[in-house]
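Me: I'd like to go through this model with you, one piece at a time. Could you take my questions as they come?

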Amino acid sequence: MEHTEDTNHTGPIHFHFRPFSKLPEVQLLIFVAFLAMYLVSISGNVSIFLTIWVSRCLHTPMYFFLANLAALETFYSSTIAPLTLASILAAESTLVSLPGCGAQMFFFIFLGSADCILLAVMAYDRFVAICHPLHYSLIMSWRLCVRLALGSLLLGFILAMQLTVLIFQLPFCSSKEISLFYCDVLPVMRLACADTRVHEATLFVVSVIVLTIPFLLITLSYVFIVAAILKIRSAEGRRKAFSTCSSHLIVVLLQYGCTSLIYLCPSSSYSPERGQVVSVVYTFITPLLNPLIYSMRNRELKDALKRVMMRFLLLEKQE
């Protein structure tokens, strides 16, 4: 009964994000850092996508999935960064409506889930390439590749739709501050004027589907991959096999490590301060590092990027 007065709130409900600091100088510094990370992330992922798109030598399943990952990272970053940057510049005047918050949460869960599932698909691709090289082109047909990519999107979409609809059916008493810089599931749930135990259980189930199951499949794939690599007699062959997998493995550890700290821990132990720091890693830093990791550790992609850049510069000179 203690929420009766709040629950009868009839005006439109708006949220605002908690500022990183009360000092304008610190806020400005954070804005510049986030803007720089966002621009580098977008340019890096778009460059990888376009390079794979225009380079015929990269039209293979491995690079097809990498292009999909780059596209997902681009949209994923753009779901969070613009609103975050606006709220850092004008924390007091940047209000988010209930539907706006729901839309951001939906796309965050959708793209983030598809990203994690796609990383498991990429691990399967590497498993087939290293453990069954003679049957690789037969197993990893273009039809299967497209189905796996679309399947990761479809599963992400279904999970995001169900979770977002469930959460935004909760009653929200009045306009309040979200203890984060975007509309994430746990901080928004904490603003509801109702029992959220069912919603927390649903979030945990979704987290297991998106994080635990794909990570176990990735781990299993790499157990077989490492066993197969160790059987390769030549040192050069082993080095090449490890180098094709190392980039993917680094990205997996970054992505799953950070998100597991938030979504696989009991919701009662959730700390807004820890959530703020860890969320910066997987919303700004990981999308920034992914293109750098792949482009630095993959010679084929690096060479293709150089060729595309040279071609672009030549066209610029001719004009």
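Reply: Happy to, and I would begin with I293, which is found in helix α10, where helices (H or I, at least four residues) and strands (E, at least two) are DSSP runs numbered from the N terminus. This is a predicted model, in which local features need pLDDT of at least 70 and side-chain atom pairs count only at pLDDT 80 or more, while totals for chains, interfaces and linings use all residues. Residues are numbered from 1 along each chain as its sequence is written, and side-chain values use heavy atoms, with hydrogens and water left out.

Me: Is I293 buried or exposed?

Reply: I293 is buried, with a relative accessible area of 9%; buried means under 20% relative accessible area, exposed over 50%, and partly exposed in between, with a 1.4 Å probe and protein chains only.

Me: And what does I293 touch?

Reply: Not counting residues up to four places away in sequence, I293 touches S247, I250, V251 and L254, where contact means heavy atoms within 4.5 Å. As for I139, which is 154 residues from I293 along the chain, the two C-alpha atoms are separated by 27 Å.

Me: Switching to helix packing, how do α4 and α6 cross?

Reply: Their axes come within 8 Å and cross at roughly 145°, the axes being lines fitted to C-alpha atoms, for helices over the stretch in contact, with angles running from 0 to 180 degrees between N-to-C directions. The crossing of α4 and α6 is right-handed; a crossing is left-handed if the near helix is turned anticlockwise from the far one by less than a right angle, and right-handed if clockwise.

Me: What kinds of residues make up the contact of α4 with α6?

Reply: By class, that contact has 16 nonpolar, five polar and no charged residues, where Ala, Val, Leu, Ile, Met, Phe, Trp, Tyr, Cys and Pro count as nonpolar, Asp, Glu, Lys and Arg as charged, and the others, Gly among them, as polar. On the α4 side the residues include F106, F110 and I117, and on the α6 side they include L148, F157 and I167.

Me: What about α6 against α8?

Reply: The axes of α6 (residues 142-167) and α8 (residues 197-230) come within 11 Å and cross at roughly 165°. That makes α6 roughly antiparallel to α8, since angles over 145 degrees count as roughly antiparallel, under 35 as roughly parallel, 65 to 115 as roughly perpendicular and the rest as oblique. The crossing of α6 and α8 is left-handed. In this contact L159, L163, L166 and I167 of α6 meet H199, T202, L203, V206, I209 and V210 of α8, and the residues divide into eight nonpolar, two polar and no charged.

Me: And how do α8 and α9 pack?

Reply: α8 and α9 pack at an angle of about 160°, with their axes 11 Å apart, which makes α8 roughly antiparallel to α9. The crossing of α8 and α9 is left-handed. Among the residues making the contact are L203, F215 and Y222 of α8 and R238, F242 and Y263 of α9, and by class the contact of α8 with α9 divides into 18 nonpolar, four polar and one charged.

Me: You listed F242 there; how accessible is F242?

Reply: F242, which lies in helix α9 (residues 235-263), counts as partly exposed at 38% relative accessibility. F242 and I130 are 112 residues apart in sequence and 9.8 Å apart in space, C-alpha to C-alpha.

Me: New topic: how many aromatic pairs does the structure hold?

Reply: The structure holds 22 aromatic pairs, counting rings of Phe, Tyr and Trp (its six-membered ring) whose centres lie within 6.5 Å, with planes under 30 degrees apart counted as stacked, over 60 as edge-to-face and the rest as tilted. The rings of F106 and F110 have their centres 5.8 Å apart and their planes at 25°, so that pair is stacked. Being four residues apart in helix α4 (residues 98-131), F106 and F110 are separated by about one helical turn, and F106 and F110 are both buried.

Me: Which pair links distant parts of the chain?

Reply: F181 and F284 form a tilted aromatic pair, 6.1 Å centre to centre with 50° between the planes. F181 is in the loop between β3 (176-178) and α7 (185-189), whereas F284 is in helix α10 (residues 272-297), 103 residues apart. F181 is buried, as is F284.
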